[in-house]
Amino acid sequence: PPAHSHSDWIGPPDKHSNLRPVIFYVPPEESPLERRLREARQEAQACNQRFWARHNCAFRQEKEEFIYSRLKAKGLEMRDGTGQKATLNAEEMADFYKDFLSKNFRKHMQYNRDWYKRNFTITFLMGQVALVRALRWLRWKKKNLE
Amino acid sequence: GLFVWRLKGAGTRHLPCHLLHLCRAPKGRLITFQYFNFLKRMYVTQYNKDLSQRAKPKADPVVSPFHELLDQEKKVIHKISPVSPVHQPWPETSRRNELRHVKSPAESEASAAAVRAEPREDRQWKEMKLRLDELPGILARLSKIKLTALVVSTASAGFAMAPVPFDLPCFLLASLGTGLASCAANSINQFFEVPFDSNMNRTKNRPLVRGQISPLLAVCFAASCGVPGIALLTLGVNPLTGALGAFNIFLYTCCYTPMKRMSIANTWVGAVVGAIPPVMGWTAATGSLDAGALLLGGILYSWQFPHFNALSWGLREDYSRGGYCMMSVTHPGLCRRVALRHCLALIGLSVVAPVLDVTTWTFPVISLPINLYISYLGFRFYRDADRSSSRKLFFCSLWHLPMLLLVMFTCKKSVLDKEDKGDLLGKGESHGRAMEMRLP
């Protein structure tokens, strides 16, 4: 993002986590409240990124392993005669999806609780910051009119 | 300047013609013009992609439209993906019609260009600043406006089927209130689901995911739609409708949305969310919760299952990875059984309609063909359990509901008929009594 910009910038989705990274703008006269908000957002972003990158990579890896083991059981290779990657049909994959979901259930529960808490905190802080800024602007306006 | 060079480096074909304009324009406007063009293209793509949104219950079961994509199937998949996984009470009747109307040759060319431009656009860094000219589009997407429109139409169907003389102001107030409540519920749903939406193909282009709007603004928008919406229903229509609206918002945002990640029971909760709007329409007209209201709610409730279960069949991978507990992933047999069961229930409910004096006896007769057809597709889905049968069932459900409601309305038992019958009976009785008095 350009150096002169005064706002946050959001980028393309990350390859592993599919989340869009945000580069936060740090204003020169950042109040403690604004700093708390920015840090909360940065922390949430880092936490989300860690979770989803790890989770998605695990999914991809386990999926590959599953396909490999199933193909081996059927006596096929990973790539058939024409060099195309062999895949299993949706019904066979269904077992994997079910298994993966139940294995990661507890992990998701914890993540959900964590995410909801963070989301509410961040939004509440945003509200506070917006309120403070609005009051400051009103005071400035009043001063200008006098 | 820097920004322009960066884009040129990306080598997009579309840029050169715009760059000329950019260079001529004053420096301050450089970025906005660029964005405006991208946004235009984005909007066109979005519009085409959004066409297949599923009706979502106020909250949307989101339902979800999400799936394993192959490039050739991209176009068709778009139809399925926009749907929210949530059971949304909103029927998606006009979606496909809209798609047909919209795809004029000029637009399809623009959309093709837009589709090419979109992925490129997606790979760029964007300033997180709220642009007022984009705001209507963003809010429309945030509130899932198409789904909301479908929800409002089910509520209107409920209103129309109520056995009272048609009251236009009440109808308009009820529709507006329901629409606002639906916008609020959908916005809160998107607010809760940002990281999950980013990971699913169907929902990864939502405004909050893309950072086009801040979470605070989304919540404020939801509040500014929900509070007036419910107030309008409570004060302008009647308290019962308002209470149902508020309850539905609560059910969608606080029960359905979190439950999607906890247990497969979310599907049933979502079906209730979908069933409430027509009940609201009925209570708006009559002021009370009659058997007819519950019947209409029951029809919408049963419809949600073939609709959602068929949709979720193609999205199993995304659901599994995203951590969503859906029947199609964990209990596939149950998923198909329930879908078939409820297709058959629709036939049963259509027969109950004349018994409750909601419609005449022509209704079960005329609706039998479409109900049998969807039941047949439900049976095929149950037996075959593959992608093609699930898609057929899903697309059938999209036109089945509006057609059923339309037939129901045309077979509605006229209020006058009932009054006449009452009069005749009264006259007959008094006549009989008069005869009796003379006899002895």
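These legends describe close-up views of a predicted model. Local features need pLDDT of at least 70, and side-chain atom pairs count only at pLDDT 80 or more. Residues are numbered from 1 along each chain, and side-chain values use heavy atoms.

**View 1. A salt bridge joins A:R41 and A:D8.** A salt bridge is a side-chain nitrogen of Lys or Arg within 4 Å of a carboxyl oxygen of Asp or Glu. Here the N to O distance is 3.2 Å. A:R41 lies in helix α1 (residues 32-74) of chain A and A:D8 in the segment before β1, so the pair ties together parts 33 residues apart in sequence. Buried means under 20% relative accessible area, exposed over 50%, and partly exposed in between (1.4 Å probe, protein chains only). A:R41 is buried at 19%, and A:D8 is buried at 15%.

**View 2. A:E39 pairs with A:R35 in a salt bridge.** Their closest N and O atoms are 3.2 Å apart. Both residues sit in helix α1 of chain A, four residues apart, so about one helical turn separates them. A:E39 is partly exposed at 36%. A:R35 is partly exposed at 43%.

**View 3. In chain B, B:R206 meets B:D197.** This salt bridge spans 3.0 Å, N to O. B:R206 is buried at 11%, and B:D197 is buried at 3%.

**View 4. A helical stretch of chain B, residues 240-257.** An unreviewed UniProt entry lists these residues under "transmembrane region"; such annotations may be inferred rather than shown by experiment. The stretch is 100% helix and 0% strand (helices are DSSP runs of H or I, at least four residues; strands are runs of E, at least two). Its end C-alpha atoms are 24 Å apart.

How values were computed
Chains are lettered from A and ligands numbered from 1 in the order in which they are written.
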